[in-house]
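Here is a short report on a predicted model. It covers the ligand sites first, then a sheet and a loop.

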Amino acid sequence: MVITDKPNTGFTSLIGGILQSLPKYLDEKSLRKLKALDNIHVEEQVAKFLSLCKPAKATIITDDPEDIAYVRELAIRNGEEYPLAMEGHTIHWDGYSDQARDKANTKVLVTSEMQMSKGINTVPRDEGLEEVLGYMDGAMKGKECIIRFFSLGPTNSKFTLCALQFTDSSYVAHSEDILYRKGYEQFKDLRGSEEFFTFIHSAGELDDRNCTVNVDKRRIYIDLLDNKVYSVNNQYAGNSLGLKKLALRLAVYKANNEDWLAEHMLIMGVKPEGKNRTTYFTGAYPSACGKTSTAMIPGQSMVGDDIAYLKIDEDGNCKAVNIEQGVFGIITDVNPVDDPVIFKTLTTPREMIFSNVLVHEGKTYWLNMGIPESQYPIEGLNHIGEWSKGMKDPKDNEVGVAHRNARYTIRINELDNADPSYNDPEGLVIEGVLYGGRDSDTNVPVSQALSWAHGVYMGATIESETTSATLDQAGVRKSSPMAIMDFMVVPFGRYLKNHIDFGNKLKLVPLVFSTNYFLKHEGKYTNEKVDKKVWLIWAEGRVHGEYEAIETPIGYIPRYMDLKTLFRQVFDKDYTEDEYVQQFSIRVNKYLGKQARMEELYGDEEGIPEEFWKIHEGIKETLLALKEETGKSVLAPSYFQ
Ligand code: SPV
Ligand code: MN
């Protein structure tokens, strides 16, 4: 069958024919639920994709608790999840080669008129559609297709986007129930319009562990022109769940054609002790740069840990919502010392899905969970199947207890630090933005941008150094602007311009901060992991005009006296001037090196806003002049006072 992308006359009559095939897949109850939406576009999608994927049956899921329970139970009946000893806990395994986002096979479908920056993976639209629809043809044979309706963002809000999900994976449908707000009723409010995103997912053929067999044919193709994403032959949530990183790409495109921002950002409430106020911050951090640990800093509250939409309200405030209501978090390193809040949540009864950890006698085990080696089982079931200690995979690599990217899936309201307003349909006023990088020798632990546009520059120039924990060579710097390049679907210059324009339209402009929790001196970190709380409380105080700061060419840095007081207040710790000088000196040569890398990266990129280069050149000239004037490559904070 030929499927065209956009309705036209021929297509309409084709759809008319397909609509008649609905009873072949949907029972009377499901048909009634579909009809109740009174939306021909939804019906068309349902008809079109059921006819293509050819499941044994399809079930429409509403917001009704009975329907939701059906999905939860189906995941167990289908063997995509298994109950664990603790009430409400289940385990799901993705295939051994399906443990993370597949960057190579995730592509934007482009036409000759569409422009994309270098580094964005693309495929010609016709070619890509033919390929992926080919894989999807009959992909659901013998399986049940779940059709779900969700809301990206709180319901009944100006942020809300409606999302329609097709999947033959009950694990995917169940995960989305935990992570996103139900949206069947919200779809009725569309009043027949086609303003919604559609995600079509099939795990494809499954093996006896119910894991995808044809991972080599894994494809995730993004059709911006049609608000759809096709995802096939995979299960790992970052590839399969429409509402997570697939919707983020459609939203980035939409936002950049409108006047708002769709960002890979956490949202948190910062609550300085004794001040009786909450100041909301967003934050973008590439992976392994401290995003979750920032969102979970003790004493603060979490609104979201992954994706935010930002809009300007009538009063000129920057408002943000978490488009999710749950957390799909990395479980590696979650232990009672480093992550007490999450650890407690993961070890008490509640609805929760573990993925890709080890199960032994109904209990779960993961890497660095705070128990001695001797307490780990020497066998069990994990992402490779039946596992025993010392076992090698087909590539002769030792298979650990659990995958490093093993995860848990929970609702935010299960966490003790959930912000009470995380569901506010109005969104929360954002007064601070954090951009976190990871480098051992350049950026100071915290600095404040000199302006909004300088903040955009800070975000665009984030770099993260690879760690020995990743497969890459340790110490290699990777550029990761706004931590969003994996999801970039518009020319990068345009994205930056949109950011700068956004700030220029605001009345209450958030202050922007850059953080680096990983600065080293002679091979050792210059600060403790927990110190980020002080940097954050300082940033919050700056928002309220409570601290003076020292202006340097790379941004405002804290004064020693303020940090000394804060370390005393927060940790009852003596913070020495030596520590301060070591951490907050401006490493002129290193900054210039970073700037040279940015020139290399963005120099030939078309459409980078002029303002970006103006800021870049301004900093460079000042740093070069300072170097000349002082003959030094590192300047202590006192130099700028
Ligand atoms: C990330 O990698 O940024 C995540 C997990 O949040 S994933 O769902 O894989 O995108
Ligand atoms: Mn993420």
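Which protein donors hold the manganese ion (ligand 2), and at what distances? They are Lys 245 (NZ), His 264 (NE2) and Asp 306 (OD), lying 2.1 to 2.4 Å from the ion. Donors here are N, O and S atoms within 2.8 Å of the metal (3.2 Å for Na, K and Ca); water is not among the atoms, so sites may look incomplete. Along the chain the donors follow the spacing K-x18-H-x41-D. His 264 sits in the loop between strand E12 (261-263) and strand E13 (266-270), and Asp 306 in the loop between strand E15 (301-304) and strand E16 (308-312), so the pair ties together parts that are 42 residues apart in sequence. Helices (H or I, at least four residues) and strands (E, at least two) are DSSP runs, numbered from the N terminus. Both His 264 and Asp 306 are buried, that is, under 20% relative accessible area, with exposed meaning over 50% and partly exposed in between (1.4 Å probe, protein chains only).

The model is predicted: local features need pLDDT of at least 70, side-chain atom pairs count only at pLDDT 80 or more, and totals for chains, interfaces and linings use all residues. Residues are numbered from 1 along each chain as its sequence is written, chains are lettered from A and ligands numbered from 1 in the order in which they are written, and side-chain values use heavy atoms, without hydrogens and water.

Now ligand 1. Its surroundings are Arg 101, Tyr 236, Gly 238, Lys 244, Lys 245, His 264, Asp 306, Phe 328 and Arg 407, each with a heavy atom within 4 Å. By class, this shell has two nonpolar, two polar and five charged residues. Side-chain polar contacts (N or O pairs within 3.5 Å) are listed below.

| Side chain | Distance to an oxygen atom of ligand 1 |
|---|---|
| Arg 101 | 2.8 Å |
| Lys 245 | 2.7 Å |
| Asp 306 | 3.3 Å |

The protein covers 87% of the 280 Å² of accessible area that ligand 1 has on its own (Shrake-Rupley method, 1.4 Å probe).

Next, the sheet. Five strands form an open sheet in the order E2-E3-E19-E24-E18, with mixed pairing. Pairing needs at least two DSSP bridges. Strand E2 (82-83) and strand E18 (326-330) are the edges, each pairing on one side only. Strands E19 (352-355) and E24 (407-411) run antiparallel, joined by three bridges. Phe 354 stands opposite Tyr 408 in E24.

Last, a loop. Ser 287 lies between strand E14 (279-284) and helix H11 (291-295). At 66% relative accessibility, Ser 287 counts as exposed. Its C-alpha atom is 9.8 Å from that of Gly 436, 149 residues apart along the chain.

Note on methods. Polar contact = N/O pair within 3.5 Å; in protein donor to acceptor, adjacent residues only side chain to side chain. Nonpolar A, V, L, I, M, F, W, Y, C, P; charged D, E, K, R; others polar.
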